[in-house]
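Q: Please pick one part of this model and take me through it slowly. I would like to see how its pieces sit together and what lies around them.

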Amino acid sequence: MQVREQQRPGQDFLSAKGIHKRFGALVVLENLDFSMGDGDAVGIVGPNGAGKTTFLSALAGAFPLNAGTITFGGQNVTALTAADRCRSGLVRTHQIPKPFSGMTTFENVFVAASHGKTSSRDEAYERVADSLRLCGMLGVANRRADTLGLLDRKRLELARALATGPRLLLLDEIGGGLTDGEASELVETILELRRRGIAIVWIEHMVHILLQVVERLICMDAGKIIADGNPKAVMSDAEVVRAYLGGAPA
């Protein structure tokens with residue numbers, strides 16, 4: 001039996017209806033429906049191959065859908081490019097950080113700020129400084145991005161996304177590869193984003209850090225949402241345990 005959350009007012013801030021995506025004969029997302037409210041924090045879990053990253057990519061505009069509609073902030077964004085969605089405030093990070101290796105940390109973030117919803121060069125500089133400060137990267141602002149370690153590359157990925165001025169941030173396993181101490185620092189940063197009113201959709205295999213941030217959890221399997229609701233209820237749901245943990249609930 002699926003865990004389902006009752007819809008709350010404002011759940012149309014982001015809405016995905018009938019999302020269907022296939023690559024050749026392989027169906028990756030199958031008639032998926034999802035919605036969330038402004039300022040919400042939603043976590044996504046599921047086994048490898050469940051379609052989680054493809055779902056985030058669909059929301060961000062990385063590829064055309066085979067069917068379905070996506071609205072964001074009351075606007076139909078289904079036909080918009082990823083760049084246009086970014087400028088509207090719908091922004092994502094990637095599981096594997098890929099900074100511009102020939103540039104400094106500051107320059108990487110400035111490029112992002114310049115292509116987000118920024119009206120002037122001065123505003124872009126302000127966004128860069130704020131993003132670097134929030135992500136704890138002022139000390140490495142003048143270092144070449146290709147010399148950074150994994151934690152700082154993850155921080156840079158987040159700082160670049162923040163510099164665009166997001167209203168909704170899509171995070172793809174940003175905690176992957178971090179130690180528990182590093183993950184705790186990441187949690188504090190993301191909690192600050194929530195305090196600023198930025199909505200979050202976060203895919204993460206490190207469930208214990210995810211549950212420190214999100215108020216709602218969905219589990220995906222085989223391109224579908226199989227559970228959606230209170231995080232503790234979702235993680236104890238029998239179908240989720242079978243799909244995600246590979247066994248029966250204790």
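A: Let's begin with two neighbouring strands: β3 (residues 41-45) and β8 (residues 199-203) run parallel and are joined by four bridges. Strands count as paired if DSSP finds at least two bridges between them. To find one such link, look for isoleucine 44, whose bridge partner in β8 is isoleucine 203. The names come from DSSP runs numbered from the N terminus, with helices (H or I) of at least four residues and strands (E) of at least two.

A word on what you are looking at: this is a predicted model, in which local features need pLDDT of at least 70 and side-chain atom pairs count only at pLDDT 80 or more, while totals for chains, interfaces and linings use all residues. Residues are numbered from 1 along each chain as its sequence is written, and side-chain values use heavy atoms, with hydrogens and water left out.

Now widen the view to the sheet around that pair. β3 and β8 belong to an open sheet of six strands, which has mixed pairing and the order β6-β7-β8-β3-β9-β10. At its edges are β6 (90-92) and β10 (224-229), each pairing on one side only. From one strand to the next, the twist averages 20°.

What packs on this sheet? Helix α1 (residues 52-60) does, touching β3, β6, β7 (168-172), β8 and β9 (216-221). Touching here is contact, meaning heavy atoms within 4.5 Å. The direction of α1 makes about 150° with that of β7; such angles run from 0 to 180 degrees between N-to-C directions, and axes are lines fitted to C-alpha atoms, for helices over the stretch in contact. Helix α5 (residues 150-163) lies across β6 and β7, running at about 160° to β7.

Follow α1 again, and you reach another sheet. α1 also lies across β1, β2 and β4, running at about 65° to β2. These strands are part of an open sheet of four strands in the order β2-β1-β4-β5, with antiparallel pairing. Its edge strands are β2 (26-36) and β5, each of which pairs on one side only. Inside it, β1 (residues 14-23) and β4 (residues 67-72) share five bridges in the antiparallel sense. You can pick out lysine 17 opposite threonine 69 in β4, and histidine 20, whose bridge partner in β4 is alanine 67. Next along, β4 pairs with β5 (residues 75-76) over two bridges, in the antiparallel sense, and phenylalanine 72 has glutamine 75 as its bridge partner in β5. The hairpin of β4 and β5 has two residues between the strands, and glycine 73 there takes a positive phi near 60°.

Back to α5, which has helical neighbours. The axes of helix α3 (residues 105-115) and α5 come within 7 Å and cross at roughly 35°. Their crossing is right-handed; that is the name if the near helix is turned clockwise from the far one by less than a right angle, with left-handed used for anticlockwise. On the α3 side the meeting residues are Thr105, Asn108, Val109, Ala112 and Ala113, and on the α5 side Leu156, Ala159, Arg160 and Ala163. They divide into six nonpolar, two polar and one charged. (Ala, Val, Leu, Ile, Met, Phe, Trp, Tyr, Cys and Pro count as nonpolar, Asp, Glu, Lys and Arg as charged, and the others, Gly among them, as polar.)

Helix α4 (residues 121-134) meets α3 as well: their axes come within 9 Å and cross at roughly 125°. α3 and α4 are therefore oblique to each other, since angles under 35 degrees count as roughly parallel, over 145 as roughly antiparallel, 65 to 115 as roughly perpendicular and the rest as oblique. The crossing of α3 and α4 is right-handed. Among the residues in their contact are Phe106 and Phe110 of α3 and Tyr125 and Val128 of α4. By class, the contact of α3 with α4 has eight nonpolar, three polar and two charged residues.

α4 packs with α5 too, at an angle of about 145° with their axes 9 Å apart, and α4 passes α5 in a right-handed crossing. Arg127, Ser131 and Leu134 of α4 make this contact with Ala159, Leu162 and Ala163 of α5. Four of these residues are nonpolar, one is polar and one is charged.
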